[in-house]
Amino acid sequence: MNAATRFKLPPVVMPEQDPAERVHNVREVPLGFTPEMALQEAQRCLQCTNQPCVEGCPVGVRIPEFIQAIESGDYLAGIGIIKQTNLLPAVCGRVCPQEEQCQKNCTVGKAHRDVGQAVQIGKLERFLADWERENHAAVIPQISPSTGKRVAVIGSGPAGLTVAGDLIKLGHAVTVFEALHMPGGVLGYGIPEFRLPKEIVYQEVAYLTRLGVDFQYNMVIGKSLTVDEVRKDYDVIFIGSGAGLPNFLHIPGENLLGVYSANEYLTRTNLMHAYDENSDTPILRGKSVAVLGGGNVAMDSARTALRLGALRVMVIYRRSEEEMPARKEEYHHAIQEGVEFHFLQNPVEILGNGEGWVTGLTVQQMQLGEPDASGRRRPLPIAGQTSNVPADVVVVAIGNDPNPLIPAALPGLQVNKHGGIITDEDTMETSVPGVFAGGDIVLGAATVILAMGQGRKAARAIHAWLMRTTETARR
């Protein structure tokens, strides 16, 4: 098939659950490609010699090669190509913002002047990962001989899992310490079941266990074990403890009953299965839920509220639709499911009754001014224009700061004004020799693939550091 023919092929539409049905369950919304669909989508790839899509991938997946493997029907080769640089393809294929990374660079999308016309790289990655899992065809990479070196990874989120996978292949012993009782970090507690089934996360972790990674759960480093105790037993530490400190608006009424941080709301629902009415996990199943914020976490919270039985769910965002940072796909799904969007409204007070329960919010009408440091137009209040919105549950989803526990437990570790660990940009090494960090603890709340990119960079530097210290010891 020549390039001109490929260019004319339309994107394949992935089937989804009907909105009216899916708001009553937590099953995954997009249903995945069939082999026929995957072939049709793979045939849209032009196999560009300069491979701009690879440049847009934070972990450098060899995208045209795995797509070519799909087109030739060699799925095992395709998943093998992906796993050379990405050990979490089933996760990344579902939750990474491909439209802002690899697909944004796609020649097909650029030629159409519409990123929506780009080859659907993420969906093809998901197809191969799902094929591997469903056919029990796990690709086991070659493991180098043992180096005798031990690495401690704090946190089993995307950055930690990436470091663990890369270093175990290089012959180092790796132990992952996870504070919670289940693995995955934000993949487990933050992303809803209907976007990322937890069984997929656990199977990705089981794959790493099969490679030799040791996972230790219920281990709060800085409490269960001190950082000094860990340093005595390991040659290197990687900190990937994430951004688990929720931000609040600091407005009157935030301490009322019925106000949740998105972290708590999603953790109770996802990790602790509050969506199951038979679960022992308590959660308020509000009938009128207001979600404050406009990012992916706000979309997750709003769509979760519907599945918990809310009759009305509102997303209240102080900027306009154009400035909203949520993925277009998540926004689209939320609208399909009936979520209301109240743009250019800024909550200034949460209202309550005499018993201390939420009854609503007062919102300030806003207008957009000049762009601020984020590049988005700054929201400005319109004097005298406020209104009240009824709600019995409020979820604050305006971002998170880095987890402060490890920095507080490691004197000499330099952090920025937000509490994020400061690292060397090239090596991810911190101000403490032999201690590296990456992911949201460095970036603040970011994407899965960016965290993985930092994990890969740190793994390379850690390996070089361990080999250098080994050579020095021999002398």
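In the predicted model, strands β10, β11 and β12 form an open sheet of three strands in the order β10-β11-β12, and their pairing is antiparallel. Strands β10 (345–352) and β12 (377–390) each have a single partner strand and stand at the edges, so one side of each has no neighbour in the sheet. From one strand to the next, the twist averages 20 degrees. Strand β11 (residues 358–371) runs antiparallel to β12, and nine bridges join the two. Within this part of the sheet, L368 stands opposite P379 in β12. In general, the strands of a sheet pair through backbone hydrogen bonds, in either a parallel or an antiparallel manner.

A second open sheet has five strands in the order β3-β2-β1-β4-β15, and here the pairing is parallel. Its edge strands are β3 (214–216) and β15, each of which pairs on one side only. With direction ignored, neighbouring strands of this sheet are turned by 20 degrees against each other on average. Four bridges link strand β1 (residues 150–154) to strand β4 (residues 236–239) in the parallel sense. V153 stands opposite F238 in β4. Helix α10 (residues 158–169) packs on this sheet and touches β1, β2 (173–177), β3 and β4. The direction of α10 makes about 165 degrees with that of β2.

The domain assignment divides the protein into domain 1 (3–135), domain 2 (150–244 + 400–474) and domain 3 (248–396). The centres of domain 2 and domain 3, taken over C-alpha atoms, are separated by 31 Å. Between these two domains, 15 residues of domain 2 are in contact with ten residues of domain 3.

An unreviewed UniProt entry places the feature "domain: Dihydroprymidine dehydrogenase" at residues 22–136. That span is 50% helix and 0% strand, and its end C-alpha atoms lie 28 Å apart. The unreviewed entry also carries the UniProt annotation "domain: FAD/NAD(P)-binding", which covers residues 150–455. Residues 150–455 are 28% helix and 27% strand, with end C-alpha atoms 17 Å apart.

The largest nonpolar core contains 91 residues, of which I63, F66, I67, I70, V174, I239 and I462 touch the most other members. Helix α19 (residues 448–474) supplies the largest share of this core, ten residues. Domain 1 (3–135) and domain 2 (150–244 + 400–474) each contribute at least three residues to this core. Apart from this core lies another, of 27 residues, including Y317, M324, A326 and V339. When neighbours within four places in sequence are left aside, V174 is in contact with V151, V153, A164, L167, I168, G212, V213 and D214.

Just after α5, G73 takes a positive phi of about 85 degrees.

Residue I121 is found in helix α9. Its relative accessibility is 5%; because buried means under 20%, I121 counts as buried. I121 and I67 are 54 residues apart along the chain, and their C-alpha atoms are separated by 8.1 Å. Apart from neighbours within four places in sequence, the residues in contact with I121 are C53, I63, F66, I67, C102 and Q103.

Q51 is found in the loop between α3 (35–42) and α4 (52–55). With 26% relative accessibility, Q51 counts as partly exposed. M428 is found in the loop between α17 (405–409) and β15 (435–437). The relative accessible area of M428 is 1%, so M428 is buried.

Technical notes:
Residues numbered from 1 in each chain as written. Predicted model: local features only at pLDDT ≥ 70, side-chain atom pairs only at ≥ 80, totals over all residues. Heavy atoms only, no water. Pairing = 2+ DSSP bridges. Axes fitted to C-alpha atoms, helices over the stretch in contact; angles between N-to-C directions. Core = buried A, V, L, I, M, F, W, Y, C linked by side-chain atoms within 4.5 Å. Buried < 20%, exposed > 50% of the residue type's maximum accessible area, 1.4 Å probe, protein only. Domains from an automatic or database assignment. Contact = heavy atoms within 4.5 Å. UniProt positions renumbered as here; feature names shortened; annotations may be inferred.
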